[in-house]
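Work through the exercises below with the model open. Each task is followed by its solution.

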Amino acid sequence: IEVRQVTLRIYRGDNDQGEMKEYTVPVQSGMVVLDAVHQVQAMHAPDLAVRWNCKAGKCGSCGGEVNGKPKLMCMDRLDNYPDGEPIEVRPMKSFPVIKDLACDVTWNYEVNKKIPAYKPRPDGKRQFSQQEADRVQEFRKCIECFLCQNVCHVLREHNKHDKFGGPRFLVRAAALEMHPLDVEDRSKLIKDELGIGYCNITKCCTEVCPESITITDNAIIPLKERVVDRYYDPIQMLLRVISPK
Ligand code: SF4
Ligand code: F3S
Ligand code: FES
């Protein structure tokens, strides 16, 4: 097995202050960025904070920014980076840093709490087509890594955390809204509290999703259409006046 040296430049600090520190560690081919970070912990910095759990791309804990790109560190092979150049590892930018590579993602759970749960049809109907099932199944693949939240410019550059729920929660809202047996109407929440109008369809969220969920085309755009139909379509508006839901 070939062993080579890799230099990592890792953010060390908290939300108020910190610096990039360099560490060189031995790695083997096939290793991922998280392995190298663990080597740094083992050999140089036992107090380095990093969150991880499954090491299989399924728990969503190890999100970070590697050479400026949002990544699951446990799925990011060191072989993908040029030999001899330091690899920069930072925490996700859109959330407060607790320590080193660990962020405080509490805000996401607060947004989640606003979304009303699944409400089944009162008539007890239980059948739906495979096509209807497949449509929502895609959204259920989400591992809550929050890389889409991290990369969306509305949160990342404009800090609209109080006005925009972010792509992850538009995916969750879509999973419920498009569920064939759900009868809850979340369009007001999607418009006002999740602030879907702030999304200008840049699709960066879709590009980074490790579960390859087609966030923008399959979740956000259909939800935008629903909001438009419900709030801005004159016929729908008239129908609501005649027979409010
Ligand atoms: Fe992560 Fe994709 Fe879920 Fe966003 S939608 S939290 S990128 S798995
Ligand atoms: Fe943001 Fe995705 Fe929309 S990156 S602007 S939520 S398409
Ligand atoms: Fe679970 Fe990376 S450690 S997704």
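**Exercise 1.** Which residues lie nearest the centre of the second largest pocket?

Solution. This is a predicted model: local features need pLDDT of at least 70, side-chain atom pairs count only at pLDDT 80 or more, and totals for chains, interfaces and linings use all residues. Residues are numbered from 1 along each chain as written, chains are lettered from A and ligands numbered from 1 in written order, and side-chain values use heavy atoms, without hydrogens and water.

Step 1. Take the pocket definition: on a 1 Å grid over the protein atoms alone, an open set of points with protein on both sides within 12 Å along at least five of seven lines. Lining residues have an atom within 4 Å of a point.
Step 2. Read the lining. It has 18 residues, and R51, G60, S61, V105 and F146 lie nearest the centre.
Step 3. Sort the lining by class: 13 nonpolar, 3 polar and 2 charged residues. Gly counts as polar here, and Cys and Pro as nonpolar.

**Exercise 2.** Find what surrounds ligand 2.

Solution. Step 1. Locate the site. Ligand 2 sits in the second largest cavity, meaning that more than half of its atoms lie within 2 Å of the grid points. A cavity is a set of points where a 1.4 Å probe fits but cannot get out.
Step 1. List the shell (a heavy atom within 4 Å). Among its residues are C152, H153, C199, C204 and C205.

**Exercise 3.** How many disulfides does the structure hold?

Solution. Look for cysteine sulfur pairs within 2.5 Å. The structure holds 0 disulfides.
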